[in-house]
Amino acid sequence: MITRHTLSALALALCSAGASAAFSDDFTSGLSGWTAGGDVVAAGGVAVLTTASATFEDDIGESLNLSGTDPLIVGDAGGLEDFAGVAIGSLDPDIEANATEGSALRRSFAVQAGERFSFDWNLATLDTAPGLAKDYAFVVIEGQRFDLGRAADAQQAAASPYAAQTGWMHFEYVFAQAGNVNIAFGVVDVTDYSVSSRLSLDNVSISAVPEPHAYALLLAGLGLAGFAARRRA
Ligand SMILES: [Ca+2]
Ligand SMILES: [Ca+2]
Ligand SMILES: [Ca+2]
C-alpha cells in the first residue's frame with residue numbers, strides 16, 4: 001500500500017540526493033582553500049573584498065582597507081585581470097571609464113555537467129556621485145565575466161562608513177559541461193582610485209545534480225502510487 005508517507009519518503013530521498021552539496025562554504029572557516037588578490041578578508045562569516053588602498057589615503061578621513069594589502073593594479077601584466085583570468089584592459093566598463101584597481105578572490109573546482117553554482121553577494125560603496133558611480137562587482141566563470149552590480153545600483157542605505165549598498169542578492173549558474181573551472185569574484189574602482197567600494201560574499205556552493213537512481217526511485221514510487229490510486233477508484 002502506497003501512502004502519503006511513502007511518497008514523502010521518496011520525495012525526501014530525491015531531495016537529499018539532489019541537495020548533497022559538491023561544495024559549500026559559508027566562510028565561517030576564513031578563506032581556507034581560496035586565493036586572495038588585493039584587499040580580502042573573512043570577517044563574521046562573510047568574505048569581504050574592497051578597493052581601498054592600504055598605502056594611499058583613499059576615502060578622506062576613513063581607512064577602509066581591511067587586510068593591510070593594497071588592491072591589485074588594473075591594466076598591467078600581473079595585475080587584477082591576470083589574477084581573475086580575463087584579458088588585460090577588459091575590465092574597463094566603457095570607452096570613457098578606466099578600471100583602476102581592485103581585489104579578487106579565486107578558486108578552482110572540478111565540476112560535473114548540470115551542477116549548479118550559486119552564492120550571495122552585497123555591494124556597498126562610497127562612490128555615489130551621479131554619473132560617476134561606476135565601480136562594480138563581478139564574477140568570472142570559465143573566463144567569462146558576469147557583472148553583479150554597479151555602484152549606481154546601490155540604492156539601499158548602508159552602515160557607516162559606506163554610503164549605500166545593493167542589499168544581499170543571489171546569483172546562480174549551471175555548468176554545461178564537466179571539467180576543471182576557475183572562478184574569481186572581484187570588485188574594482190573605476191575612474192578614480194580613491195572612493196572605495198566593498199563586495200561581501202557568502203554561501204558559495206556547488207550543488208550536485210540528483211543521481212539517476214534517485215530519479216528511478218521517484219518514478220517507481222509515482223508509478224506505484226498511480227496503480228494504488230486506480231485500485232481504490
Ligand atoms: Ca556566512
Ligand atoms: Ca571607486
Ligand atoms: Ca582605491
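Let me start with one residue. Asn-203 sits in strand S14, residues 197–207. Strands and helices here are DSSP runs, numbered from the N terminus: E for strands, at least two residues, and H or I for helices, at least four. Asn-203 is not a glycine, yet its phi is positive, about 55°. Is Asn-203 buried, exposed or partly exposed? It is partly exposed, because 16 other C-beta atoms lie within 10 Å. The scale is this: 20 or more other C-beta atoms within 10 Å of a residue's own means buried, 12 or fewer means exposed, and in between is partly exposed, with C-beta atoms placed from the backbone.

Now the ground rules. This is a predicted model, in which local features need pLDDT of at least 70, side-chain atom pairs count only at pLDDT 80 or more, and totals for chains, interfaces and linings use all residues. Residues are numbered from 1 along each chain as its sequence is written, while chains are lettered from A and ligands numbered from 1 in the order in which they are written.

Next, confidence. The average pLDDT of the protein chain is 88, and 81% of the residues score at least 70. Residues 10–19 fall below 50 in pLDDT, and this stretch has 14 contacts in the model beyond near neighbours in sequence. pLDDT is the predictor's confidence in each residue, from 0 to 100. A contact means two C-beta atoms, placed from the backbone, that lie within 7 Å.

The overall picture. The chain has 14 strands and three helices. It has 233 residues, and 34% of them count as buried. Take the contacts with a separation of 6 or more: 72% of them join residues 24 or more positions apart.

On to the strand pairing. Two strands pair if DSSP finds at least two bridges between them. Look at strand S6, residues 99–111, which pairs antiparallel with S2 over three bridges. There, Thr-35 has Arg-106 of S6 as its bridge partner. Strand S5, residues 72–73, is also antiparallel to S6, over two bridges. Leu-72 stands opposite Gly-102 of S6. How many bridges link S6 and S13? The number is 12, again antiparallel, with S13 covering residues 179–190. Ala-104 is paired with Gly-186 in S13.

Now a hairpin. Strands S8 (residues 136–141) and S9 (residues 144–150) run antiparallel over six bridges. Two residues lie between these strands, and Glu-142 takes a positive phi near 50° in this hairpin. Ala-137 faces Gly-149 in S9. Asp-147 is also found in S9. Asp-147 counts as exposed, because it has 11 C-beta neighbours inside 10 Å. Leaving aside neighbours within four places in sequence, Asp-147 contacts Tyr-136 and Phe-138.

Phe-27 has a positive phi, near 60°, and is not a glycine. Where does Phe-27 lie? It lies in the loop between strand S1 (21–25) and strand S2 (35–37). Phe-27 is buried, because 21 other C-beta atoms lie within 10 Å.

Phe-27 is one of the residues touched by Ala-42, along with Gly-30, Leu-31 and Ala-47, not counting residues up to four places away. Ala-42 belongs to strand S3, residues 39–43. Ala-42 also counts as buried, because it has 21 C-beta neighbours inside 10 Å. Its C-alpha is 5.0 Å from that of Gly-30, 12 residues apart along the chain.

Last stop, the cis peptide. Which residues does it join? Ser-160 and Pro-161, with omega about 10°. Pro-161 is in the loop between S10 (156–157) and S11 (164–165). From Pro-161 to Asp-59 the C-alpha separation is 9.6 Å, although they are 102 residues apart along the chain. Asp-59 lies in the loop between strand S4 (46–50) and S5. Asp-59 is partly exposed, because 19 other C-beta atoms lie within 10 Å. Beyond four places in sequence, its contacts are Ala-52, Leu-64, Leu-126, Ser-194, Val-195 and Ser-196.

That's my tour. Over to you for discussion.
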